[in-house]
Amino acid sequence: MTVTTLNEYIIERQADFPYAKGELTRLLTHIGVAAKVINREVNKAGLVDILGEIGTDNVHGEEQKKLDVYADQKFINSLRASGECCGLASEENQNIVIFDEDLAKQGKYVVTVDPLDGSSNIDVNVSIGSIFSIFRRVTPVGHNAGIEDFIQEGTKQVAAGYIIYGSSTMMVYTTGKGVNGFTLDPSIGEFCLSHPNIQMPASGNIYSINEGNYLKFPEGVKKYLKYCQEIDAPTGRPYTSRYIGSLVSDFHRSLLKGGIFIYPRSAAYPKGKLRLIYECNPIAMLTEQAGGKATDGKKNRILDFKPKDLHQRVPFFVGSRNMVAKAEEFMEKFGHEEPNIEEI
Ligand code: AHM
Ligand code: MG
């Protein structure tokens, strides 16, 4: 049996980009290297004194776990050294990280990352992930990267993907020509093509939302959840509820099996919780490339949002296209507004 490794695949696909001279190829390869290094640490997280909180807050006032910081540093180091990337934006840094070395300034791309998403799951050995997306810079080559390179619409992403550190480690990415998944074979240390041309089922029977927040949800979400729970055999209801609390893992399941993932506005998070630039946009690009749908629940396509700031949040409805469309019907009919927290 022949195995195609990630690096072989990336090189074979270089011809898909008539104007690319291998830069994107090299950049993706560097992301793959960072992923392997992070994977090694995540795997031994229970063994070494790397577990637990580092004691500093990130820009959102959330406590950073040590591995978050470690993963952030690995992406920075790997991309800085690639020579193809002039800067990075990440969940862990308030401002963009500019790579101002002469070589890096020649890079045509910038990268956004959530270095370790769902990190509250680390201490209990539950799957977590890294999310990335790549943009062509809009500032001139040879100069420092600027904020405008990062606050581009999701439609401008040239590539996006994630690494899931689960029962096996996988990298799933798209360059705008379908979605492919690679599983890490630990015996050879290579990501191998295991899931070519992934298609998200148009419908599914799994819904994924933090239902503990039910009372804080808009009426449209509450009514949609009741719809999911109703008994109606011809439409496959009641649906199954699954929520890991790790976007990459919850999305990965929806991608392969079909389903809907919702993180709506709520009384606790009036703008939604998830971040547009480095969480929702890459997941939305993968979704659309696999035939699914990603919106804010108000029929606005996530990829069309023009970001105003680096850490902007957005309500997120993503998954099988028929399920997202149905949820939007409920939102339209019963309302998008979250209840006032004092009234709950
Ligand atoms: P993080 O980037 O701080 O890890 O937060 C993002 C995570 C997502 O992975 C997940 O979908 C969501 O937060 C879970 O939030 P909640 O615990 O409110 O359900
Ligand atoms: Mg995150």
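This is a predicted model: local features need pLDDT of at least 70, side-chain atom pairs count only at pLDDT 80 or more; totals for chains, interfaces and linings use all residues.
Reader: Which residues are the closest to ligand 1?

Author: Of the 17 residues that surround ligand 1, the closest are Asp117, Gly118, Tyr243, Leu247 and Tyr263.

Reader: How much of ligand 1 does the protein bury?

Author: Taken alone, ligand 1 exposes 470 Å², and the protein buries 84% of that. Two elements, β5 (109–117) and β13 (260–263), each give two or more residues to the shell around the ligand.

Reader: What classes of residue are in that shell?

Author: The shell around ligand 1 has 7 charged residues, along with 5 nonpolar and 5 polar ones, and at least three residues come from each of domain 1 (6–195) and domain 2 (206–343).

Reader: Changing topic, which residues coordinate the magnesium ion?

Author: The magnesium ion, ligand 2, is coordinated by Glu91, Asp114, Asp117 and Glu279, at 1.9 to 2.5 Å. Along the chain these donors follow the spacing E-x22-D-x2-D-x161-E, and the pair of Asp117 in strand β5 and Glu279 in helix α7 links distant parts of the chain, 162 residues apart.

Reader: Are those two buried or exposed?

Author: Glu279 counts as buried because its relative accessibility is 1%, under the 20% cut-off, and Asp117, with a relative accessible area of 7%, is buried as well.

Key: Residues are numbered from 1 along each chain as its sequence is written. Chains are lettered from A and ligands numbered from 1 in the order in which they are written. Side-chain values use heavy atoms; hydrogens and water are left out. A residue is near a molecule or strand if one of its heavy atoms lies within 4 Å of it. Accessible areas come from the Shrake-Rupley method with a 1.4 Å probe; for residues, only the protein chains shown count as cover. Helices (H or I, at least four residues) and strands (E, at least two) are DSSP runs, numbered from the N terminus. Ala, Val, Leu, Ile, Met, Phe, Trp, Tyr, Cys and Pro count as nonpolar, Asp, Glu, Lys and Arg as charged, and the others, Gly among them, as polar. Domain bounds come from an automatic or database domain assignment. Donors are N, O and S atoms within 2.8 Å of the metal (3.2 Å for Na, K and Ca); water is not among the atoms, so sites may look incomplete. Buried means under 20% relative accessible area, exposed over 50%, partly exposed in between (1.4 Å probe, protein chains only).
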